[in-house]
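Morning, everyone. Please look at the sequence and the model on the screen while I talk.

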Amino acid sequence: MQYKTETRGSNLSYNNSKVMNNMNVFPAETLAKIESMAAENAVVIFSVSTCCMCHAIKRLFRGMGVSPAVHELDLHPYGAEIHRALLRLLGCSSGGATSQGALPVVFIGGKMVGAMERVMASHINGSLVPLLKDAGALWL
């Protein structure tokens with residue numbers, strides 16, 4: 001995962017995507033936390049413990065034989081801050097910190113795949129398994 005950051009108050013680009021206008025107040029420390037957490041395992045899921053869609057994604061990966069690292073943001077000390085940052089990385093409007101919008105967020109091989117709809121679309125079109133193999137999460 002590549003982040004390009006400058007001083008606080010400047011723009012951020014994520015994986016050569018277009019720079020989002022609302023990123024100008026994005027703390028670099030939060031990006032570093034997300035990057036570190038996303039790199040700790042081949043598959044990382046940012047979740048909320050009470051979210052049914054988060055549960056479905058965790059079941060999907062575990063059913064495929066993948067052991068994801070799961071970060072329950074409602075139980076994490078910096079969960080609200082990380083959630084806001086993930087929303088912005090996804091290009092979502094910054095809903096309330098307590099909103100479960102856009103969760104779960106999945107990283108495979110340190111790269112953001114996206115939220116539920118993107119993961120399920122990848123699963124349905126057959127591109128999820130190659131991503132998991134490339135990341136070393138599956139040995140089929």
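First, the ground rules. This is a predicted model, where local features need pLDDT of at least 70 and side-chain atom pairs count only at pLDDT 80 or more, while totals for chains, interfaces and linings use all residues. Residues are numbered from 1 along each chain as its sequence is written, and side-chain values use heavy atoms, with hydrogens and water left out.

Now the overall fold. The protein has 5 helices and 6 strands. Helices here are DSSP runs of H or I with at least four residues, strands are runs of E with at least two, and both are numbered from the N terminus. Along the sequence the pattern reads β-β-α-β-α-β-α-β-β-α-α. Of the 140 residues, 43% count as buried. Buried means under 20% relative accessible area, exposed means over 50%, and partly exposed is in between, with a 1.4 Å probe and protein chains only.

What about contacts? Contact means heavy atoms within 4.5 Å. Take the contacts between residues at least 6 apart in sequence: 59% of them join residues at least 24 apart.

Next, helix 4. Which of its residues are buried? In this helix, residues 116–125, they are Met 116, Val 119 and Ser 122. They cover an arc of only 135° around the axis, so they sit on the same side of helix 4. That arc is taken from the directions from the helix axis to the C-beta atoms. On the other side, Glu 117, Arg 118, Ile 124 and Asn 125 are exposed. And what covers the buried residues? The cover includes helix 2 (52–63), strand 5 (105–108), strand 6 (111–114) and helix 5 (128–135). After helix 4 comes Gly 126, with a positive phi near 85°. Most residues other than glycine have a negative phi.

On to the largest pocket. A pocket is an open set of points on a 1 Å grid over the protein atoms alone, where a 1.4 Å probe fits, with protein on both sides within 12 Å along at least five of seven lines; lining residues have an atom within 4 Å of a point. The lining includes Arg 118 and Ser 122. Strand 6, helix 4 and helix 5 are the elements that give two or more residues to the lining.

Now a peptide bond. The one from Leu 103 to Pro 104 is cis, with omega near 5°. Most peptide bonds are trans. Pro 104 lies in the loop between helix 3 (79–90) and strand 5.

Lys 58 lies in helix 2. Is Lys 58 buried or exposed? Lys 58 counts as buried, because its relative accessibility is 9%. Leaving aside neighbours within four places in sequence, Lys 58 is in contact with Ile 45, Ser 47, Val 70 and Glu 72. Lys 58 and Ile 45 are 13 residues apart in sequence, and their C-alpha atoms are 7.7 Å apart.

Ile 82 lies in helix 3. Its relative accessibility is 0%, so Ile 82 counts as buried. Not counting residues up to four places away in sequence, Ile 82 touches Thr 30, Ile 34, Met 37, Phe 46, Leu 73 and His 76.
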